[in-house]
Amino acid sequence: MTQDLLNHTRIHSRPSDLRITDIRVAEIVGAPFTSALLKIYTNQGIVGFGEVRDGASATFALMLKSRLLGENPCDIDRLFRRIKQFGGHGRQGGGVSGIELALWDLAGKAYGVPVYQMLGGKFRDKVRIYCDTDADRPSGTEMGKRLKARMDMGFTFLKMDLGLMQIAHIPGTVVGPAGALEPFYHHAGGMRPKTLDERRHRNAIYDAQNVMHPFTGLHFSEKGLDLMEQYIAEVRAEIGPEIPLALDHLGHISLQDGIRLARRIEKYTPAWLEDVVPWQHTDAYRQLQQATTVPICTGEDIYLKEGFEPLLKAGISVIHPDLLTTGGIYETKKIGDMAQDHGVAMAIHMAESPIAAMACAHVAVATENFLALEYHSVDVPWWDDIQIGLPKPIVKDGFITVTDKPGLGIDDLNDELLMQHLQPGVTGIWQPTDRWDDEHSWDRTWS
């Protein structure tokens, strides 16, 4: 009688019998950038939510479908080890990472516990948000007023852009070969070419934007440095000296120019200076951090924890992983713990929908050396409404409060809203992806 009762009582699910049956996507734009939201379906009606990193293709996730169908999503580590060879640095990590998020969401829902509990529990109840604000104001004073408005909303940590593209239009501010700046006025990923010549033009811009910093020949002049120092001075005059202010998007400049700028702005106490040179140039980061008292930060484009270790040994001050590039929730937790062993704080990069935001929040509450989580959607009025089930606003007074709901805490997604924000050329959401069911290759990487 007791066993019969158990057989007909559904507390959460039967985790050992859970199987993946389908993976589908919704490709949207404006939250704040392009996003590919994921649903992983199961034989017990439980659905897990994931997301491919901003700016990346849904294909990075869908190509993994044939390797996951029929599997138990609760075997997160085993499945991650199977698919992680198909990820890579930058946006190439988006597919593996997005799938991994959805597996954690499914496991939490299957067992009836929040993701943070499966990571070992909480170090904090609330997650501090840093409000990232694009440099679209003509002066430091105007930018400072905008940031002050963020402070009035409750944000206690700020970030803004400071670099090449804010001064490049002013004569005498940048030293470089003729035409070297031109490609940086465009975004190759956002172009929609129609002819072969347009495609060649787009690809030429893409190639130019992929030239690493030491090889561009671009440098700040003294006039350029003066203007950037003036900009941050004007910002500080508006927001005051006490609130943390991180700096990003310096441009594709040399290590030496990064050092020159860092020394100029030390007196304004930046929270950190981000991605000064490519993360792969570990020795350059060592030289940079040794040359300035400004905390140096990088990491949003690094896939897997192994990529962070050389930077930690080089003496970097803040690491900045993006869950949708690192490999996902568990890998980022490992990265944070490894950074703590080196005495380094972990901020988290995030520029996506509430799915990614909540995944980051669960890692943040479960990681002791967490510093602050990026939020880039404060000006997107419909961002909160993408999800159903979490209290709104998700970000309140500059913090996310993580609930004890199972998984990521999201019950469903707002399909009607998603249909209003489709990427160009996309005709619908959650459409069949059967063409990926039998994608196959001999994946073994050794003989």
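Analyst: In this predicted model, a residue is called buried when its relative accessible area is under 20%, and exposed when that value is over 50%.

User: Why is Cys131 called buried?

Analyst: The relative accessible area of Cys131 is 0%. Because this value is under the 20% limit, Cys131 counts as buried.

User: Why is Cys74 also given the word buried?

Analyst: Cys74 has a relative accessible area of 17%. That is under 20%, so Cys74 is buried.

User: What makes the phi of Thr269 worth noting?

Analyst: Most residues other than glycine have a negative phi. Thr269 is not a glycine, yet its phi is positive, near 50°. His249, also not a glycine, has a positive phi of about 60°. His249 belongs to the loop between β8 (245–248) and α10 (255–265).

User: Which peptide bonds are called cis, and what is omega in each?

Analyst: Most peptide bonds are trans. The bond joining Ala31 and Pro32 is cis, with omega about 5°, and Pro32 is in the loop between β1 (20–29) and β2 (34–42). The bond joining Lys392 and Pro393 is cis as well, with omega about -5°. Pro393 lies in the loop between β14 (387–388) and β15 (395–396).

User: Which residues have the most contacts inside the largest nonpolar core?

Analyst: They are Ile99, Val127 and Ile329, in a core of 132 residues. Helix α15 (residues 354–365) provides the largest share of this core, 10 residues. A second, separate core has 9 residues, including Ala271 and Val318. As for Ile329, its contacts beyond four places in sequence include Trp104, Leu119, Ala359 and Val363. In soluble globular proteins, nonpolar side chains tend to be buried together.

User: Which residues line the largest cavity, and what is its volume?

Analyst: The largest cavity has a volume of about 40 Å³. Its lining is formed by Ile76, Asp77, Phe80, Glu100, Tyr330 and Glu331. By type, these divide into 3 nonpolar, no polar and 3 charged. Helix α3 supplies the largest share, 3 residues.

User: How many cavities reach 30 Å³ or more?

Analyst: The structure holds 1 such cavity.

User: What is the volume of the second largest pocket, and which residues are closest to its centre?

Analyst: The volume of this pocket is about 240 Å³. Of its 15 lining residues, Pro138, Ser139, Gln166, Ile170 and Tyr231 are the closest to the centre. The lining comprises 8 nonpolar, 5 polar and 2 charged residues. Helix α9 gives the most to this lining, with 5 residues.

Terms used:
Residues numbered from 1 in each chain as written. Predicted model: local features only at pLDDT ≥ 70, side-chain atom pairs only at ≥ 80, totals over all residues. Heavy atoms only, no water. Core = buried A, V, L, I, M, F, W, Y, C linked by side-chain atoms within 4.5 Å. Buried < 20%, exposed > 50% of the residue type's maximum accessible area, 1.4 Å probe, protein only. Helix = DSSP H or I, 4+ residues; strand = E, 2+ residues; numbered from the N terminus. Contact = heavy atoms within 4.5 Å. 1 Å grid on protein atoms, 1.4 Å probe; cavity = no way out; pocket = protein on both sides within 12 Å on 5 of 7 lines; lining within 4 Å. Points joined across faces, edges and corners; volume = space filled by probe spheres on them. Nonpolar A, V, L, I, M, F, W, Y, C, P; charged D, E, K, R; others polar.
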